[in-house]
Amino acid sequence: MSEWDDLAGLFAGDAGVLAAVPRLARHWELAQASPEAGRLTAVEGTAAVRRQYAESLELLRLAEGLLGDERAVVRYADIGSGGGWPGLVIACARPGWEVHLVEPLQKRARFLEAAARELGCGNVTVHALRAEEAGRGPLREACGLVTARAVAELRVVLEYTVPLAAAGGVIALPKGSRLEEELAAAGPAMTALGCELAGVAPMRPAVSETVRVAVFRKAGPCPAAYPRRPGVPERRPLGS
């Protein structure tokens, strides 16, 4: 069995994932062949299927557990999409979703656009913007699900993601060993932005023994003051 067969086995009950596996394998070929390959991911070989694809799909699985009936039709945004993990992976697995990939680096944004075309992902729109700019554009308060992976510490990434979520929407953020520390510091950000922690779910050990997903619910409209100007959230995190 190949690593792609193993991936299918991990998500055997998900017809969308099973149908997407050939496209996901093609996406990995495109990422490896890209002139930006070394900047898109540092993960190589068979480990990439688990670290990039299985973790992306596990994030989707855990987030959908909270979306409930809303998951049938959803507008979804991924912040800092890079090479397409998790956003483009999720777009392949959920072709009925309207998917928005927010990536500020122009070369990576162009790769995402080209990869989406090659993979036949007509449900994808790429936004070559900073998260703070996206949070004040048409995506503001518009998405049922927002994700961000390996972008910034929690209190910063919440300011990037919460403004894009619709009232009642879900923000799903994978985190590693510093999650408790980051959660402890994120209280003022959650209060200011109008979101609450809905729960923390570990990924299945076969996917990752270290990554957990912090899931937040958007309680109501985000105050007009947020997100602040580009660069400010990282320089002056809420509550610092």
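Is Cys222 buried or exposed? Cys222 is buried, with a relative accessible area of 7%. The close-ups below all come from a predicted model.

Figure 1. Searching the whole structure turns up 0 disulfides. For Cys222, the closest cysteine sulfur sits in Cys195, 8.7 Å away, which is too far for a bond. Cys121 has its closest cysteine sulfur in Cys92, at 3.7 Å.

**Figure 2. Helix α8, tucked inside.** Among the buried residues are Leu154, Val156, Val157 and Leu158. Have a look at Arg155 and Glu159 as well: these are also on the buried list.

**Figure 3. Pro35, out in the open.** Pro35 belongs to the loop that runs between α2 (15-33) and α3 (37-40). With 81% relative accessibility, Pro35 counts as exposed. Trp4 is 31 residues away from Pro35 along the chain, and their C-alpha atoms are 24 Å apart.

Figure 4. The whole structure holds 16 salt bridges, and one of them pairs Glu55 with Arg51. Their closest N and O atoms are 4.0 Å apart. Both residues sit in helix α4 (residues 47-67), 4 residues apart, or about one turn of the helix. Glu55 counts as buried at 8% relative accessibility, while Arg51 is partly exposed at 37%.

**Figure 5. Glu141 meets Lys218.** Here the closest N and O atoms of the salt bridge are 2.8 Å apart. Glu141 lies in the loop between α7 (131-134) and β4 (143-148), and Lys218 is in strand β7 (residues 212-218), so the pair ties together parts that are 77 residues apart in sequence. Lys218 is buried, at 2% relative accessibility, whereas Glu141 is partly exposed, at 26%.

**Figure 6. Glu180 meets Arg212.** In this salt bridge, the closest N and O atoms are 2.6 Å apart. The pair links distant parts of the chain, with Glu180 in helix α9 (residues 179-185) and Arg212 in strand β7, 32 residues apart. Glu180 is partly exposed at 47% relative accessibility, and Arg212 is partly exposed at 21%.

Conventions:
Residues numbered from 1 in each chain as written. Predicted model: local features only at pLDDT ≥ 70, side-chain atom pairs only at ≥ 80, totals over all residues. Heavy atoms only, no water. Buried < 20%, exposed > 50% of the residue type's maximum accessible area, 1.4 Å probe, protein only. Helix = DSSP H or I, 4+ residues; strand = E, 2+ residues; numbered from the N terminus. Disulfide = S-S within 2.5 Å. Salt bridge = Lys/Arg side-chain N within 4 Å of Asp/Glu carboxyl O.
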